Amino acid sequence: MSFKRILIANRGEIAVRIIRASRSLGIQSIVAHSTADSMADFVQLADDAVCIGPAPASRSYLNIPALLFAAECSKADAIHPGYGFLSESATFARCAEEAGFVFIGPSPSAIEIMGDKIMAKQTMLKAGVPCIPGSEGRLPDDPDAIATIAESIGYPVMIKAVSGGGGRGMRVVTEPENLASAITLTSEEARNAFGDPALYLERYLQKPRHVEIQVLCDNHGNAFWVGDRDCSLQRRNQKVMEESPAVAIDRSQIAEIGNLCVAACQRIGYRGVGTFEFLYEDAEFFFVEMNTRLQVEHPVTELTSGLDLVQAQILVAQGETLKLRQQQDPVSGHAIECRLNAEDSETFVPSPGTISNWQIPEYDWLRIDTHISAGQKVPPYYDSLIAKIITHASDRDQALARMDKALSEIIVEGVRTNLPLLRDLVRDPDVQRGAVDIHFIQNRSIET
Ligand code: MV4
């Protein structure tokens with residue numbers, strides 16, 4: 001079935017992105033928005049808009065009844081969750097489908113499997129995907145049994161919440177005498193944050209890179225890996241700069257891991273876009289978790305693969321068959337994304353306010369995904385992302401040089417931004433050399 005109207009259960013730059021993809025397919029878009037976003041340009045850009053509640057996300061963008069009511073009264077055929085908010089909520093996906101809407105994403109059961117980090121790892125191991133060595137399943141209650149498991153893994157170990165993910169509910173333990181108290185603390189944090197105290201253990205990888213594989217699957221058993229990304233430049237699990245392809249990794253090794261991800265998708269009947277997150281250390285890949293949503297950094301893969309991933313999401317949700325063939329290496333050229341945030345560049349403290357001056361250069365090698373223009377407000381209620389600055393070139397050096405040039409011509413006034421940090425990173429000799437690990441930004445801020 002072809003959708004006539006899609007409800008966008010999200011805001012900001014990703015709402016603009018989904019509006020554009022919908023429009024390119026002749027589909028109308030309805031933006032469900034909070035009162036804080038009523039006057040935002042992305043609301044005006046949509047074909048229709050429904051206010052779903054007050055500013056706090058819990059009362060608007062996370063409010064399932066309000067979102068379903070908005071879909072109902074705006075006669076939507078399908079709901080696109082974007083990323084963040086309810087994009088990985090099996091409950092939301094299930095409620096949407098039970099209410100008669102197509103959820104543009106994987107099935108609720110696939111979301112559930114990958115949301116349980118033990119089930120996710122077990123699924124990957126069955127498909128031959130290498131995982132971080134660790135406990136067989138969730139940890140027992142007995143502290144002595146846990147200590148024995150930790151000894152068999154070898155210190156340092158990483159304690160993780162079974163229902164966690166995205167860096168939440170994790171704690172490193174380097175000495176055996178600290179294990180018991182760390183387990184108790186992490187379990188209570190997991191119970192409070194996720195309603196599930198269950199934990200598992202893994203060997204702690206000291207200096208890994210974060211490398212991820214983008215997959216795209218339809219509802220007819222066709223699955224493809226369409227690119228790889230290095231997202232190691234991050235701070236406290238908030239990505240700052242991402243690129244495709246991952247540098248200094250043998251392309252046949254990338255293809256091997258990509259094909260294993262495809263096998264895993266076929267095994268679980270995965271539908272839509274998905275990202276397999278790996279840690280890469282000592283030339284080895286270790287599966288960490290799967291993100292069952294569109295990622296913020298999807299544009300770098302769109303530029304290196306030539307695909308429109310949001311259009312593909314919609315077409316797959318309509319039941320269409322992907323007209324793709326698996327390429328040996330689907331990546332060509334090099335793309336880099338910098339996340340421009342309304343935050344202090346040194347303290348990372350959010351800096352909401354009104355944009356008084358917004359100057360962005362235009363080049364055919366520059367893509368800007370944003371909802372911002374002069375006069376727009378940056379509310380304090382949501383994440384501080386105001387634009388994604390993306391460059392593409394035939395090689396990494398040129399993509400970096402283009403990013404340096406673009407960033408040097410951006411002017412944002414009215415809020416503080418992380419533009420100085422982005423400019424620093426793009427010019428950093430280690431970043432220029434490539435293959436930095438996940439601690440790079442943290443370490444450099446300590447050194448400087
Ligand atoms: C790890 C790790 C080191 N060793 N697991 C888990 C959620 C994922 N988004 C990041 N996670 C990590 N799991 C083991 N056994 C380090 C991280 C990690 C990380 C990984 C990639 C990119 C940024 C990161 C920031 C903090 C921790």
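Is Cys131 buried or exposed? At 13% relative accessibility, Cys131 falls under the 20% cut-off, so it counts as buried. Keep in mind as you look around that this is a predicted model.

Let's stay with the cysteines for a moment. A disulfide is a covalent bond between the sulfur atoms of two cysteines. Searching the whole structure for such pairs turns up zero disulfides. For Cys131, the nearest cysteine sulfur belongs to Cys261 and sits 10 Å away, while a disulfide would need the two sulfurs within 2.5 Å. Cys231 is in no disulfide either, with the sulfur of Cys338 as its nearest cysteine sulfur, 12 Å off. Cys231 counts as buried too, because its relative accessibility is 0%.

Helix 3, covering residues 64–73, packs with helix 4, residues 90–98, at an angle of about 30 degrees, and their axes are 11 Å apart. The crossing of this pair is right-handed. On the helix 3 side, the contact comes from Ile64, Leu67 and Leu68, and helix 4 answers with Thr91, Phe92, Cys95 and Ala96. Sorted by class, that makes six nonpolar residues, one polar and no charged ones.

Last stop: Ser345, in the loop that runs between strand 14 (334–341) and strand 15 (353–354). Ser345 has a relative accessible area of 17%, so it is buried.

Terms used:
Residues are numbered from 1 along each chain as its sequence is written. This is a predicted model: local features need pLDDT of at least 70, side-chain atom pairs count only at pLDDT 80 or more; totals for chains, interfaces and linings use all residues. Side-chain values use heavy atoms; hydrogens and water are left out. Axes are lines fitted to C-alpha atoms, for helices over the stretch in contact, and angles run from 0 to 180 degrees between N-to-C directions. Helices (H or I, at least four residues) and strands (E, at least two) are DSSP runs, numbered from the N terminus. A crossing is left-handed if the near helix is turned anticlockwise from the far one by less than a right angle, and right-handed if clockwise. Contact means heavy atoms within 4.5 Å. Ala, Val, Leu, Ile, Met, Phe, Trp, Tyr, Cys and Pro count as nonpolar, Asp, Glu, Lys and Arg as charged, and the others, Gly among them, as polar. Buried means under 20% relative accessible area, exposed over 50%, partly exposed in between (1.4 Å probe, protein chains only).
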